[in-house]
Amino acid sequence: MRTVRNAREELLMRNIAFRLMYNGTNYHGWQVQKTEITVAETLEKALSTLCGERIKVTGCGRTDAGVHAERYIANFRTGCSIPCDRFPLAVNSRLPEDIVVCEAFEVAEDFNAIGSCLKKEYTYRIFNSRIRNPFYVHRAYFYPKRLDEQVMDRAARAFEGTHDFRAVRSVGTETKTTVRTVHYCRVNRNGELLELKVCADGFLYNMVRAITGTVLYAAEGKLTPEDIPVILSSGNRTLAGPTVPPGGLYLTRLWYEDERLNDQEE
């Protein structure tokens, strides 16, 4: 039964949003799991110790095992009085070096890191060189055969728009609909590093990694960019390319109505 004291305590609770980044190599994704170490679990333990109460964090999305985040937003409610400007250093001293809280903000009571997110950008990085680079191990997908970035970009652009993306979804988390809107999907080269950037209002399980695998198939001549609309219409996962490894995938940008949570140039 909800008492007057409980109601008063709820009113005193602050809703805090963190901007953080992490190297996902050592974690089984973001979401808390029963037997695996995850980013959310690690953050919750650090915050619970710091705040002296049990903390539950809500993340802006589920990144899979081995996937990284250059930009990630999470929020939690707390009764502790630590000022926002002191939160990053305080919690970072209790976190491993591959998870870093960059900023903290007090946000509206109804703010939810995933529900309030308007759109997201993921970047998949491919190290396209005959000789592998040890500094890109678990950071980019090593691909020794020369790739034509112009063909890849044409293939990537075929994913833009509102479509049913069942053909590039792995079986996993169930959703009400597999229709999503991709605002842009582009490939660029910077020396030996290729980047596929895709922005959408939401993503299906392994969607970006399957899109990347399909774009690679186009570069290999196993399909053409013009085949992609047909593949999407079919909804047949076997017609699209493979799901590429997780180490090359990064969450790189997020959009919110609260401008403080967006990139500086927004």
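N206 counts as buried, with a relative accessibility of 11%; buried denotes under 20% relative accessible area, exposed over 50%, and partly exposed the range in between, computed with a 1.4 Å probe on protein chains only. The model is predicted, so that local features need pLDDT of at least 70 and side-chain atom pairs count only at pLDDT 80 or more, whereas totals for chains, interfaces and linings use all residues. Residues are numbered from 1 along each chain as its sequence is written, and side-chain values use heavy atoms, with hydrogens and water left out.

Most residues other than glycine have a negative phi. N206, in the loop between β9 (193–200) and α5, has a positive phi near 65 degrees. H138 is likewise not a glycine and has a positive phi of about 65 degrees; H138 lies in the loop between β5 (119–127) and β6 (141–142). Helices (H or I, at least four residues) and strands (E, at least two) are DSSP runs, numbered from the N terminus.

**Packing of α4 and α5**

Helix α4 (residues 149–157) packs against helix α5 (residues 207–220) at an angle of about 135 degrees, with the axes 8 Å apart. The pair is therefore oblique, the class left over once angles under 35 degrees are taken as roughly parallel, over 145 as roughly antiparallel and 65 to 115 as roughly perpendicular. Axes are lines fitted to C-alpha atoms, for helices over the stretch in contact, and angles run from 0 to 180 degrees between N-to-C directions.

Contact (heavy atoms within 4.5 Å) is made by V151, M152, A155 and A156 of α4 and by V215, L216, A218 and A219 of α5.

**Cysteines**

The whole structure contains zero disulfides, a disulfide being a pair of cysteine sulfur atoms within 2.5 Å. The sulfur of C51 is 3.4 Å from that of C80, its closest cysteine sulfur, which is too far for a bond. For C102, the nearest cysteine sulfur belongs to C60 and is 13 Å away.

**Surroundings of T58**

T58 lies in strand β2 (residues 58–59). Beyond its neighbours within four places in sequence, T58 is in contact with W30, I73, A74, N75, N112, A113 and I114. The C-alpha atoms of T58 and D85, which are 27 residues apart along the chain, are separated by 20 Å.

| Residue | Relative accessibility | Class |
|---|---|---|
| C51 | 13% | buried |
| C102 | 24% | partly exposed |
| T58 | 27% | partly exposed |
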